[in-house]
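Open the model in your viewer and keep the sequence panel beside it. The tour below goes from one selection to the next and says what is found at each stop.

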2 protein chains.
Amino acid sequence: MRTVYHERLTDLADQLARLCGLTAAAMECATRALLQADAAAAQQVISDHDHMAALRKHAEESAFSLLALQQPVAGELRSIVGSIQVVADLDRMDALAVHVAKIVRRRQPDHVLPTEVEHHFAEMGRAAVELAHCAQEVVMTRNTDMAAHIREQDDEIDELHRQLLTTLMDRDWKHGVSSAVDIALLGRFYERFADHAVEIGRRVVFEATGALLPEQEIGTY
Amino acid sequence: MRTVYHERLTDLADQLARLCGLTAAAMECATRALLQADAAAAQQVISDHDHMAALRKHAEESAFSLLALQQPVAGELRSIVGSIQVVADLDRMDALAVHVAKIVRRRQPDHVLPTEVEHHFAEMGRAAVELAHCAQEVVMTRNTDMAAHIREQDDEIDELHRQLLTTLMDRDWKHGVSSAVDIALLGRFYERFADHAVEIGRRVVFEATGALLPEQEIGTY
């Protein structure tokens with residue numbers, strides 16, 4: 001009985017890890033779409049959403065079924081409820097990748113990004129995808145050192161986001177209001193994507209140690 | 001034993017309802033700060049954050065304790081796990097009110113909003129606060145009709161948000177890029193606040209009927 005139970009716990013962790021990987025891939029694809037004005041890549045992210053929603057639903061049901069049938073206690077209980085919250089984070093992360101893709105699709109065949117902010121998004125995209133892969137590793141290995149590392153990487157995105165807003169608000173910005181609005185929102189989407197990856201790391205540390213890391217600070221934006 | 005259990009379930013619902021009310025009040029205060037460039041109101045929202053975080057933590061612990069000690073089944077299990085997810089929604093809603101307040105504080109003593117978009121934010125603020133009060137009512141009464149009503153009101157905010165973006169992107173916008181960036185992000189904060197209130201309604205319907213309403217669509221932004 002316990003063996004089946006532990007197999008199902010492992011299966012749940014595997015599902016979450018797979019979803020982290022797919023969510024990283026969605027943001028990688030959305031970033032490529034953004035940097036290269038690649039409408040096919042944007043459409044791919046948007047089309048994949050339903051399939052990923054079904055996988056998330058399945059993971060959530062697995063967690064509920066473990067709670068209902070096995071009546072876990074203490075640490076395991078927190079771990080399984082934590083899994084349901086991780087699914088919610090992954091849902092938001094995927095929605096944010098879709099937001100990026102939809103901006104690309106709406107502006108096609110034009111490039112959304114003026115050359116001077118391309119490197120910001122290349123860097124934010126790289127860091128965001130890396131964070132999602134770190135979350136995947138933490139979910140699989142419960143490595144609490146890695147969870148702390150996630151947090152450090154998140155600081156890099158926050159710094160890039162600040163620089164981006166400074167660039168937009170500079171009097172020398174020559175690309176108009178409409179472009180600035182798109183870029184401000186895009187910056188926000190990457191920053192929130194990263195925050196959710198940090199949150200996944202935070203939950204795993206919570207489950208592994210019973211203690212919460214300090215709450216994420218609420219940034220200026 | 002069951003009586004104590006049901007008292008604790010009722011207590012949990014009361015805690016959530018109170019938090020919904022406080023979260024509505026936070027957004028009401030943030031909106032007043034925004035419309036009147038009221039720095040004291042902005043500071044109030046920011047200062048209240050820690051106290052509200054402590055109340056949320058307490059509600060979450062009440063839910064975990066019910067799960068661990070009472071081993072609820074089926075509907076009650078979903079309801080209690082749903083409570084933990086409601087706490088997470090309320091956490092984001094409060095963070096969004098704080099975001100609004102921080103923009104006001106950063107721009108003081110200037111007004112953030114040009115006159116021509118003030119009514120957008122007055123309306124979005126009113127609708128957002130009303131949605132949070134609806135969520136409070138749903139949490140208390142489990143009235144599934146009200147949950148559907150929340151959704152309709154959310155459409156109003158989405159429409160106001162679309163109009164706002166159209167206004168910003170209009171060639172006649174005369175208030176510069178920096179102002180447009182602030183306003184675009186503010187619009188996003190109100191829209192997300194509303195989405196979380198809708199999500200609370202969705203969860204309660206899920207708990208009451210065992211069926212999920214259709215997922216919220218991912219909008220253009």
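Select I46(A). Its relative accessibility is 16%, so I46(A) counts as buried. This is a predicted model, as are all the stops that follow. The residue sits in helix α2 of chain A, which covers residues 39-70. Now show what surrounds I46(A). Beyond its neighbours within four places in sequence, I46(A) is in contact with V98(A), A101(A), K102(A) and R105(A).

**Aromatic pairs**

How many aromatic pairs does a search of the whole structure find? Over all chains, the search gives two. For one of them, select F121(A) and Y190(A), and show the rings. They form an edge-to-face pair, with 5.8 Å from centre to centre and 65° between the planes. F121(A) belongs to helix α4 (residues 115-141) of chain A and Y190(A) to helix α6 (residues 176-209) of chain A, so the pair ties together parts that lie 69 residues apart in sequence. Both F121(A) and Y190(A) are buried.

Move to chain B and select F121(B) and Y190(B). Here too the rings form an edge-to-face aromatic pair, at 5.8 Å centre to centre and 65° between the planes. The pair links distant parts of the chain, with F121(B) in helix α4 (residues 115-141) of chain B and Y190(B) in helix α6 of chain B, 69 residues apart. F121(B) and Y190(B) are both buried.

The structure holds 30 salt bridges over all chains.

Next, select E191(A) and R188(A). These two form a salt bridge in which the closest N and O atoms are 3.4 Å apart. Both residues lie in helix α6 of chain A, three residues apart, about one turn of the helix.

**Where chain A meets chain B**

Colour the two chains separately and show the residues in contact. Chain B brings 46 residues to the contact, and chain A brings 46 residues. The area buried between chain B and chain A is about 4100 Å², and carbon and sulfur atoms give 64% of it.

How many salt bridges does the rule find across the interface of chain B and chain A? The rule finds two. Select R78(A) and E61(B): their side chains meet in a salt bridge at 3.0 Å, N to O. R78(A) is in helix α3 (residues 74-107) of chain A and E61(B) in helix α2 of chain B, so the pair joins two chains. R78(A) is partly exposed, with a relative accessible area of 22%, and E61(B) also counts as partly exposed, at 27% relative accessibility. Then select E61(A) and R78(B), whose side chains meet in a salt bridge at 2.9 Å, N to O.

Two residue pairs in polar contact, both at pLDDT 80 or more, are also found across the interface of chain B and chain A. Finally, hide chain A and look at the side of chain B that touches chain A. Helices α2 (39-70), α3 (74-107), α5 (144-169) and α6 (176-209) of chain B each supply at least two of its residues. α3(B) gives the most to this side, with 15 residues. Coloured by residue class, the side of chain B that touches chain A divides into 25 nonpolar, eight polar and 13 charged residues.

How values were computed: Residues are numbered from 1 along each chain as its sequence is written. Chains are lettered from A and ligands numbered from 1 in the order in which they are written. This is a predicted model: local features need pLDDT of at least 70, side-chain atom pairs count only at pLDDT 80 or more; totals for chains, interfaces and linings use all residues. Side-chain values use heavy atoms; hydrogens and water are left out. Contact means heavy atoms within 4.5 Å. Buried area is the accessible area (1.4 Å probe) that two parts lose on being put together, summed over both. A salt bridge is a side-chain nitrogen of Lys or Arg within 4 Å of a carboxyl oxygen of Asp or Glu. A polar contact is a pair of N or O atoms within 3.5 Å; within protein, one must be able to donate a hydrogen and the other to accept it, and residues adjacent in sequence count only if both atoms are side-chain atoms. Helices (H or I, at least four residues) and strands (E, at least two) are DSSP runs, numbered from the N terminus. Ala, Val, Leu, Ile, Met, Phe, Trp, Tyr, Cys and Pro count as nonpolar, Asp, Glu, Lys and Arg as charged, and the others, Gly among them, as polar. Rings of Phe, Tyr and Trp (its six-membered ring) pair if their centres lie within 6.5 Å; planes under 30 degrees apart count as stacked, over 60 as edge-to-face and the rest as tilted. Buried means under 20% relative accessible area, exposed over 50%, partly exposed in between (1.4 Å probe, protein chains only).
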